Amino acid sequence: MSDPLVKIRDLKIEGRSDETWTPIINGVDLDLNRGEVLGLIGESGAGKSTIGLAAMGFTRDGVRISGGSVEFDGIDLLGASAAVKRGLLGKRIAYVAQSAAASFNPAHKLIDQHTEAPTQHNVSSRSESVQDGVELYRRLRLPNPDEIGFRYPHQVSGGQLQRAMTAMAMSCRPDLIIFDEPTTALDVTTQIEVLAAIRDIVEQFDTAAIYITHDLAVVAQMADKIKVLLKGDEVEEADTRTMLSAPTQDYTKSLWAVRSFERPKKPAVLTTATPIVSVCGVTAAYGKIDVLHDVSFDIHQGRTVAVVGESGSGKSTTARCITGLLPPRIGHIEFDGVEMPLDYRKRNKDQLRQAQMIYQMADTALNPRKSIGEIIGRPVEFYMGLKGREKRKRVEDLLAEIELEPTQYIDRLPSELSGGQKQRIGIARALAAEPKFIICDEVTSALDQLVAEGILKLLAKLQDELGLSYMFITHDLATVRAIADEVVVMKDGEVVEQGEKAAMFQPPHHPYTDLLLSSVPEMDPDWLSNLLNERGVDNIGDAAVDKM
Amino acid sequence: MSVWMWILTILIVILAGGWMFRKVGQITSGNTPYFRDMPYGVAVGYVAAALTLLFVITTYIKALSAEPGAEANKYFFFKLAIHFLLISAVAAWVFRWLGRQIGTAGTRKLFRQMPLTASFGILVIILYALTAIFAGAIAPYGQEEILGNANVVPGGDPNIGGDPKYPLGTDQIGRDILSRLIFGAQNTVGIAFATTCLAFFIGASLGFLAATLGGWLDQLLSRAVDALMAIPALIFALLLMTIAAVWANKFGIPLTLFMVVIIAVIDATRVFRLARAVGTSIVVMDYIEAAKLRGEGLTYLIFREILPNATAPLLAEFGLRFCFVFLTIASLSFLGVGIQPPLADWGTMVRDLGQFINFAQFAPQVALTPLLAASAIALLTVAVNFVVDWMLHRSSGLKE
């Protein structure tokens, strides 16, 4: 067998923080043969992206490679001159970033950005590379391949941009492409077509790839072999099927097990009981355009209603109507059978207190200049009128309730906490108001799977103890399976289907629900191939949604 | 050889020198990445800088060995500048070194990361502040005191018309310039500080209000600010000051008070712009939404949620704004409508002594008198900018 294309030996990388260099990667080896796809998985901070970039001989600012070697096709990338690296990057090594929307230059047309690398590297003339670009767009199954390249990035949807970016990476027919979480920001239905497109094109051109992701089910579809990382160390590496069926390390097993968390089924609600929250025939508009059409559902005491759908389906808008941030045009909201004023500014303190929110991005939901004690203490003081020692006592109780050591965390700033801890503080702030009802807006989607599982378990525990009701907005069906009692499926601002969870996961259901369910990647490495065989390439993703 | 030939020759020498420098570096260092990947422009920059340094050093040696008289006069200001530069560099270094030894762990860390320019700036600001606060105790004479000897030359050398009693000389009506400089710090800097604070109070509160409420109030305030900003600031201030001068006489209110308010309002427009821009990016954050949904009032939102997150850019702007206000006051005083005599003020001092600059060629010591006040203004402006640069650098999270 010939030498591997990429050969990394004992790679050590350090990052600068507070004037000292702290290790990020502690000696990782990596071999990648031609035409092979390697999946790098791990939590955030595990060093996946850092290794991906190091494979191109590149590091981010404030990061340095302190030891080891990186060889690409026999060329020592760490010792190579800037001129040699310039000749390789873009031509033989390409990179596809997580957010295509942020990576394309918004001032230039797609095709102009596409042709830049081939003309710079003298691979082909501009007119040839334009033709080639159109051909690649066609192979990646972009709609209107002849003219899509002549649009600006903002005129193209997220999933299409991600495919255009893959086409751009392919423009010089590189030997290696590094995919850094290319589908993380996409909806499930969009993700699937990007996955299929990437997989096809990598196979067609026999390109080697490093595929970085935190989603195990995705990596199972894409990779020939998988390497698991934890805090800068390699946990294990094996080919995909072995890894999925027989992981040897405890950490890997725990990653695999996350997906199995599920709450026991609760008894059905009495039909006579007054729901905690009822959304009654709500139609709401941004400006003159209606974005919600006649949405109605009830949330009963102690139950979790999951609202699912793609982005733009009106999930969060429904939440804004309930809280009063967006007063509905038609219809109304009832709490405990009492009709609420539509605008939050007209609600009194007690009405505001009843419904609390937990946000998706804990980073922006907590004021970075306030200590944890102040953040949680404010609603305690504002709603309950507690001051001084009583207030501090209550804050400490709340911290204990969300399983954080009170004395250790009460004086910290949000920036001194991890993502999962911040989300817990967001929960504590909501609990401080002693509400009956909490809206959880994609609370786990920004978190790693293990951490997300912890948050879900905490929410379930709090529900059992305090009898809370949740409205759980999510696009992740695994989360729905784990925590929901009832499910509301939304599409284009309408409720397509609602009912008990068990019923929703059993066929027959609405074709849209079916599409959503079947688009969620499964851990089976053959899942994508089977799905494509079953439905055909033109019946997945946006194309399928449009046909409805 | 003509001037053009000289310029062309020097240019060619620098360009060729850059190429040579890199080539020699590559050969002697065994092709280390530093020389190997050095862009040509950087190499040329090194050579040009080295040549400039060489030029400065030779000129300085010439200046030191020059005969007193016309030859020495030619290099007088150059020598002064070099001396000042060296002294301030040493002072800044010593100040930073002291800062690293004394104080809490936090301040020591601050001083460790501080560039020399910033420590120089802080040192100068501290000195100015001390001078302004203790002006009465430091100054040898009163600011309005007429001491008899007019036009004493600075330097205190009796041979050329100086007097050791007045180390920086006296002005045309015999007031001690050192004392007037010291009191000038109190007047000019004090008033500038008060004006900047007022400008920030007006600008920041209105800017945050516009950002939080939006809608017609935002439109009204923003368009009003646009209208004010459309008029050139100095000319507008001059116009208003002329009107205010009449009112000041009529109502018996000191003109300085008018000046503070006028400059504050004009500068508040710039602060408004910044505060509104920073504010709008903060009000869309989820924690503001959470506070709104909690039912918090406007005052709490602005002062407890938004303001703490806007302090970094506002502080940086405060430094710059202070410089501009300070320069505006000096300019107005120079034009005769600012701080009124007999109060000492640097702008007025520059204007009053201005014609001495004509003596620069044959009696540089005499020409120094108006430049003392002018350099006091320049020094503070430079110092504040050094500190602001550093703060901006820190708050933007740029490391190295």
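Tutor: What follows goes through the strands, then the chain around them, and then the partner chain.

A word on the ground rules: this is a predicted model, in which local features need pLDDT of at least 70 and side-chain atom pairs count only at pLDDT 80 or more, while totals for chains, interfaces and linings use all residues. Residues are numbered from 1 along each chain as its sequence is written, and chains are lettered from A and ligands numbered from 1 in the order in which they are written.

Chain A has 24 helices and 20 strands; these are DSSP runs, H or I of at least four residues for helices and E of at least two for strands, numbered from the N terminus. Let's begin with an open, antiparallel sheet of four strands in chain A, in the order 2-1-4-5. Strands count as paired if DSSP finds at least two bridges between them.

Five bridges tie strand 11 (residues 277-286) to the antiparallel strand 14 (residues 330-335) of chain A, and Cys280(A) has His332(A) of strand 14 as its bridge partner. Touching here means contact, with C-beta atoms, placed from the backbone, within 7 Å; axes are lines fitted to C-alpha atoms, for helices over the stretch in contact, and angles run from 0 to 180 degrees between N-to-C directions.

The loop between strand 14 and strand 15 of chain A holds Asp336(A), a residue other than glycine with a positive phi near 55 degrees. Most residues other than glycine have a negative phi. Asp336(A) has 14 C-beta neighbours inside 10 Å, so it counts as partly exposed. The scale goes like this: buried is 20 or more other C-beta atoms within 10 Å, exposed is 12 or fewer, partly exposed is in between, and C-beta atoms are placed from the backbone. Glu442(A) has a positive phi too, near 50 degrees, and lies in the loop between strand 17 (437-441) and helix 19 (449-466) of chain A. With 19 other C-beta atoms within 10 Å, Glu442(A) is partly exposed.

Then there's a hairpin: strand 19 and strand 20 of chain A have two residues between them, and Asp492(A) in the turn has a positive phi of about 45 degrees. Strand 19 (residues 486-491) and strand 20 (residues 494-500) of chain A run antiparallel, joined by six bridges, with Val488(A) bridged to Gln498(A).

Zooming out, the C-alpha atoms of chain A fill a box of roughly 70 × 55 × 45 Å along the principal axes. Of its 548 residues, 45% count as buried. Among contacts in chain A with a separation of 6 or more, 68% are between residues 24 or more positions apart.

Chain B has zero strands and 15 helices, with buried residues making up 32% of its 400 residues. Between the chains, 13 residues of chain B are in contact with 19 residues of chain A. On the chain B side, helix 12 (286-294) and helix 13 (298-335) each supply at least two residues; helix 12 of chain B gives the largest share, five residues.

Key:
Contact = placed C-beta atoms within 7 Å.
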